[in-house]
Amino acid sequence: MVKFVAISLCLLFAACAETSVRKAPFRVRPDAPQAGSLEGPFNGRVLDSTTHQPVAGALVYGAWSLERGAGLPEPAGAREFVGSTDAAGYYKVPSLGSLPRGVRVTEFTLLVYKRGFIAYRSDRRFTDLGPRMDFAQDGNQVLLERWRTELSHSRHLRFVGSGTAVAALTSWELADASAELDGKRPAGEDLRPGRTGEQYVVAAQLLTEGDIKARTKYDGGFETGPLSDEPDTATYSSQHFKALGRPETWDVAIRMWRLDPGKAQERYEELLTQLPGITEKDDVGSRSFIASEGEIRGVGVLDAPRGTVFLITCGSSQCTTAEDASALAKIVYDRLKALVPNAGGGK
Amino acid sequence: MKRFAAVLALLVAAPTTVGAWEPSSTHAGLTEQAALASRLHKRLVSLGFGGGLFEPMTIPPADAPKLIEALKLLSPTHGAVPDARGRQVALGWLAAGAALADVPSSHGANHFFDPSTKRGWTDPDRGVIAALGDKVREAIGRASLPSKGIPAPEWVTHKDNPFNVENFHAQYVKAVSAATPGERSRHMAAALVAAGAILHTLGDLGAPSRVRGDSAAHLEPLGAGPDDLGSRFERIAALAYGRLGVPAPSRIVTRTRLRDFFSTADGQGLADLVARTYFSPNTLPANTRIGGKTFQPKLARPQPTVPERLNLMAASRDEGTMLRDKAGTCLARYRVERGVVEFWLDDECMLEQVTAVLPEVSAFETGLLEFLLRGELQLHLTDSVVVSGAGLGPGTVEVLVEDGRGVRTKLASVDTKPGQTELARVAAPASGARVVAVYRGTDAQGEPIVAVGAMPLGR
């Protein structure tokens, strides 16, 4: 009898529903008005907001929040997905699997992180921490903004959240975050481009995939993003053009340092002493050299009036001659001059 | 305005939902803001946790399996879940406490306090059908609602509360006095969990329904099935601000007694402030016929009051108009229907209230965190180490020296008397990197207190 009453009431109130899912606060597709599903699956593409090139190898972390109880609810667990973007910047998060009965799905959050960029969350924006309205379940586009030195690491660490995968990748920010709370900025040069009124330039703006292809006639694709050896800072930025499906001899990279003129000179001298196979040419910028080691060609340029040094490295399959690498350096120098007019009127 | 439009759009997409200030979003955000505005970072650094709020601290899962198990119930994206080794930063442990205060859900019933009746949660009468539904849920093993809760001001010191003030103090003392850095890290993490949960209990009293005896407001049917019941007000806060958007404190509230943060005889506690400032869904002014010389609807509580003259022209529209307080915050929406003034709370109005109340909640939580950390000792080195502290009652002060490896050993333990400024004088150690002192006793008000201090030795 008790069982009958229970079953009847279950039918009446649907109280025995296996698992319930809240309505998703995001769209099913960017161009659709319908709400998506918290259960997924999710897919999208991650691009560099500066260059609109795909960002490969970014952490893609999805987490579902589960809850149970009525009136005074309590957390009932979480489900995680850890993956990364592919060479073309695409990601896929599979559907949430089966869940224990009596549990409801209340939330899904996607986090995309790659060192050198500001992390992306599906629920909040980093800039003002306001609700993100443009996340979509299917065909989502993630534009990763490059990290800038004036940004706060303590804010960023709060933004990315916690968990094993995320904590491991962001642990390098802890010291800087702590220094901020001590009232100290992280050690090192602090030119803070963009704050002093000067033009903010990153390496990715100086050389594009199109520039390379136009010069070398390469017909393949690249995946692009900052080099993984050093993160971008106020004074340093990089861009790696990794040839898709080809050996490293097809890769191109640019590293750029923006310093005061004296320090730029010192950095250039360091490169001269450190790099192998140096020949000083002085045919681009204030000074320039070509370097070579094995199958890698390099061109270093000092732009003294702008306090800028850049180094282009190009594999021998991509830059079949030293002239190819020098031509890319000239393109970069011309673009730098266009982006950062020199008040002093130097060369 | 931008935020409002965004939140309304979210509400359209997700028209219903949840329970308390949401533990892993709003509560975690409130405690994070309190920590950032408080002296906690400096205190941690002074005690040897060099990274302060971003110092990684470890509670090995084997040492606290239940705690770690409970933390696994949370989504890591909210910043309160340690890694597989039980490691996360100090700020994360504090947020973890805030998120865990509602686990198990019966503890959530102890986060209510109506200053006018001095009572906490009471299971509202929802009628026969709903009661039968509850019985069914119980029969099939679902959580049932407790009939009563312990009032929030009592819960923070209650013996059944695993995160009570007593436990906070015990862990805080060990975070200074334990021998090894690993042990101290573990105890400090545990102290922060307790502190986060205490802040959560106070912060809950920023929701009007929790301080106006309106338990029924926590049983609104919310979207995902019949069990998905909760407070729409608190859900709006979560949608509008989440964890990351919770505002910084408007000020730092100062009180000399723990209970005064909750409620005082002269109405200066958070519960008093919120109860007299806002209506809750089931304590709105009663529907009242117009016609008399003055308009005086029946009120569930003396405050807030309703002006004698309302804008009846605007109230005759379908959507009615808003009743606002002196600061311009919406208190309720009202309209005239067949000569009767009806009051209700809609999302727009509740969002205004959330926007006004969250900085105040944040201010009280920051003040409470400062209160928990208020005890400070000064250490001076002459030919001996002198430990002094002001405003302390009877207690015990322990003085320890830390060696180059970070291991601390006791130099002395001294009982202190009320009103004593110099608490201990101990022969200076021959070697060591730092001297620390920790006092446990009562303050001048008779409130339990732990006071700490440290001084580098450089020997």
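Tutor: What follows is a conversation about the terms applied to this structure, which is a predicted model.

Student: To begin with chain A, what makes up its secondary structure, and how many of its residues count as buried?

Tutor: The secondary structure of chain A comes to 8 helices and 17 strands, and of its 347 residues, 53% count as buried. The word buried is used for a relative accessible area under 20%. The accessible surface of chain A comes to about 14,700 Å², and 52% of that surface belongs to carbon and sulfur atoms.

Student: How do you know how much of the contact in chain A is between residues 24 or more positions apart?

Tutor: A contact requires heavy atoms within 4.5 Å. Among the contacts in chain A with a separation of 6 or more, residues 24 or more positions apart account for 60%.

Student: Why is the link between C314(A) and C319(A) called a disulfide?

Tutor: The sulfur atoms of C314(A) and C319(A) are 1.9 Å apart, and the cut-off for cysteine sulfur atoms is 2.5 Å, so the pair is a disulfide. In general, a disulfide is a covalent bond between the sulfur atoms of two cysteines. The angle about the S-S bond of C314(A) and C319(A) is 90°, and the link is right-handed.

Student: Are those two cysteines buried or exposed, and how do you know?

Tutor: C314(A) has a relative accessible area of 0%, and C319(A) likewise has 0% relative accessibility. Buried means under 20%, so both C314(A) and C319(A) count as buried.

Student: How many disulfides are there over all chains, and what makes C330(B) and C349(B) one of them?

Tutor: The count comes to 2 disulfides over all chains. The sulfur atoms of C330(B) and C349(B) are 2.0 Å apart, which is within the 2.5 Å cut-off, and therefore the pair is a disulfide. The link of C330(B) and C349(B) is left-handed, with -95° about the S-S bond.

Student: Why is helix α2 of chain A called largely enclosed?

Tutor: Helix α2 (residues 153-160) of chain A has 8 residues, of which 7 are buried, so the helix is largely enclosed by the rest of the structure. The buried residues are H153(A), S154(A), H156(A), L157(A), R158(A), F159(A) and V160(A).

Student: What covers the buried residues of α2(A), and what follows this helix?

Tutor: The cover includes β8 (103-113), β9 (120-121), α3 (164-170) and α4 (174-181) of chain A, together with α2 (23-37) and α5 (90-100) of chain B. After α2(A) comes G161(A), whose phi is positive, near 85°.

Student: What lies around the largest pocket?

Tutor: The largest pocket holds about 370 Å³ of space. It is lined by 26 residues, and the closest to its centre are G161(A), A167(A), L174(A), Q88(B) and V89(B). The elements that give two or more residues to this lining are α2 and α3 of chain A together with β2 (87-89) and α5 of chain B. The largest share, 4 residues, comes from α3(A). By class, the lining of the largest pocket has 11 nonpolar, 9 polar and 6 charged residues.

Student: What makes a space a cavity rather than a pocket?

Tutor: In a cavity a 1.4 Å probe fits but cannot get out, whereas a pocket is an open set of points. There are 8 cavities of 30 Å³ or more, and the largest cavity holds about 360 Å³ of space. Of the 26 residues lining the largest cavity, the closest to its centre are P25(A), E107(A), D123(A), A238(B) and L239(B). The largest share of this lining, 4 residues, comes from β8(A). The lining of the largest cavity divides into 11 nonpolar, 6 polar and 9 charged residues.

Student: Finally, how do you know whether T321(B) is buried or exposed?

Tutor: T321(B), in strand β6 (residues 321-324) of chain B, has 15% relative accessibility, which is under 20%, so T321(B) counts as buried. Not counting residues up to four places away in sequence, T321(B) touches N311(B), A314(B), A315(B), A332(B), R333(B) and Y334(B).

Notes:
Residues numbered from 1 in each chain as written. Chains lettered and ligands numbered in written order. Predicted model: local features only at pLDDT ≥ 70, side-chain atom pairs only at ≥ 80, totals over all residues. Heavy atoms only, no water. Buried < 20%, exposed > 50% of the residue type's maximum accessible area, 1.4 Å probe, protein only. Areas by Shrake-Rupley, 256 points an atom, 1.4 Å probe, with all protein chains shown as cover. 1 Å grid on protein atoms, 1.4 Å probe; cavity = no way out; pocket = protein on both sides within 12 Å on 5 of 7 lines; lining within 4 Å. Points joined across faces, edges and corners; volume = space filled by probe spheres on them. Nonpolar A, V, L, I, M, F, W, Y, C, P; charged D, E, K, R; others polar.
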